[in-house]
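Q: I'm new to this one. Can you take me through the ligand site and then a sheet?

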Amino acid sequence: MSTDALRTRAAALDERHQATDLRERFALPDGVVYLDGNSLGALPRAVVGAVSDAVEVQWGRDLITSWNTHGWWDTPRRVGDRLGRLVGAAAGQVVVGDSTSVRLHQALHAAAALRSDRRVVLADPATFPTDLYVLDGVARQVGWIVEHVTPDEAPARLAGSQDVAAVVYSHVDYRTGRLWDLPTVTRAAHDAGALAVWDLCHSAGAVPIGLDEHRVDLAMGCGYKYLNGGPGAPAFLYVAAEHHDGFANIVPGWHGHAEPFAMSGGYRPAAGIDRARIGTPPMLSMIALEAALSAFDGVDIAAVRERSLSLTAFLRECIDVLVPGTAYASPDDESRGSQVAVRHPDAYGVVQALIARGVVGDFRTPDIVRLGVAAPYLTHADMLTAADHLAHVLAADEHLDPAFTTRNAVT
Ligand SMILES: Cc1ncc(COP(=O)(O)O)c(C=O)c1O
């Protein structure tokens with residue numbers, strides 16, 4: 001197929017997926033194909049006015065009264081409920097604030113308390129490092145033994161076992177983009193009397209998750225990737241309603257107290273998800289995240305996923321035509337999250353050369369060119385543009401230019 005034929009196909013696909021093209025809801029620079037929304041989501045237009053109002057009116061004019069008059073106090077739960085729609089959680093089970101690492105730490109301690117008679121926890125050795133670091137830290141504190149078992153091996157390990165307290169998995173592998181089978185692994189955990197704890201960083205806002213439907217016990221994720229909450233956006237924690245009464249908060253801060261303003265000496269947990277709160281939330285970031293979530297208003301996450309699958313399939317098709325022989329780390333079927341991961345021995349240089357051409361993806365060690373596809377603001381035409389630039393980079397050996405191979409970037 002020629003580039004012209006791909007262009008015609010891109011136009012037809014964009015026409016077909018017109019209803020889920022939410023580009024107008026985002027402010028993106030001209031001339032950039034942004035394929036790093038799985039690291040830092042783009043800026044939703046609604047955030048600009050919301051943050052400006054939060055600074056000038058709420059903070060600047062209304063000062064401390066804003067905790068009540070602008071609903072600041074309730075933000076962690078209110079934003080949690082709004083976010084819950086995107087991850088398949090009914091109201092009252094999601095709280096927003098702090099980082100994914102902190103929320104994971106909290107969830108793991110709660111899981112240990114809920115399964116205090118068990119000692120083993122299963123985790124994927126290839127998961128995002130913070131998950132392993134936090135898990136190892138909690139394991140030292142509670143006496144857990146961490147077994148490295150991949151999500152697809154977990155059902156066999158769990159079958160007939162009675163020693164596993166919890167499985168702790170990332171829904172989508174951050175490097176390969178592999179979407180793990182959350183329903184099957186969760187069911188296998190429950191059949192063995194274990195809890196299922198999921199890190200949703202790479203699926204929230206991109207993939208239907210169905211936390212309630214699949215009876216996930218605990219889950220967390222960040223607000224700054226596909227949810228577009230901005231740099232360092234607050235994370236979220238899901239605690240299934242059935243665990244609220246047994247949820248022991250390892251960081252029992254005053255915002256999770258039953259009567260925070262009683263200022264009493266002893267901690268009494270609030271009812272429901274409020275007991276998972278910790279301390280004062282970063283209000284400007286909470287307001288930014290809340291406004292960012294409005295970019296999903298009126299859109300079902302299943303429709304976002306449909307668009308994403310079409311975009312990633314087409315990106316791969318374009319790469320296959322324009323850069324024959326490309327190797328991939330990401331799956332070719334529906335077990336693919338919202339990214340295409342290309343393997344290349346000079347992946348770092350390839351990513352830098354692409355960025356210089358306005359195609360912004362990122363590098364993940366050792367050899368991955370990670371092309372994140374945040375469906376709401378990307379088009380099939382963008383996919384072709386990205387593949388075309390990749391072909392030009394490789395054809396001209398731009399990726400070998402010392403300007404692009406010197407490693408000085410953070411990401
Ligand atoms: C799967 C996963 N978990 C956790 C994190 C980061 O956690 P935190 O928000 O605490 O930095 C990331 C960041 O990319 C991630 O990909």
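Q: How far is the polar side-chain atom of Thr100 from an oxygen atom of the ligand?
A: The distance is 3.2 Å in this predicted model, and a polar contact here is a pair of N or O atoms within 3.5 Å. The model is predicted, with local features needing pLDDT of at least 70 and side-chain atom pairs pLDDT 80 or more, while totals for chains, interfaces and linings use all residues. Residues are numbered from 1 along each chain as its sequence is written, and side-chain values use heavy atoms, leaving out hydrogens and water.

Q: And what about Asp131 and His202, what ligand atoms do their polar side-chain atoms lie by?
A: For Asp131 it is a nitrogen atom, at 3.3 Å. For His202 it is an oxygen atom, at 2.9 Å.

Q: How much of the ligand does the protein bury?
A: The protein buries 85% of the 390 Å² that the ligand exposes when taken alone (accessible areas by the Shrake-Rupley method, 1.4 Å probe).

Q: Which helices supply at least two residues each of the shell?
A: They are α5 (100–114) and α6 (129–142); helices are DSSP runs of H or I with at least four residues, and strands are runs of E with at least two.

Q: Now the sheet. What is the strand order?
A: The order is β11-β12-β15-β14 in an open sheet of 4 strands, paired antiparallel; strands pair if DSSP finds at least two bridges between them. β11 (327–328) and β14 (362–364) are the edge strands, each pairing on one side only.

Q: How many bridges join β12 to β15?
A: There are 5, between residues 339–343 and residues 368–372. Gln339 stands opposite Gly372 in β15.

Methods
Polar contact = N/O pair within 3.5 Å; in protein donor to acceptor, adjacent residues only side chain to side chain.
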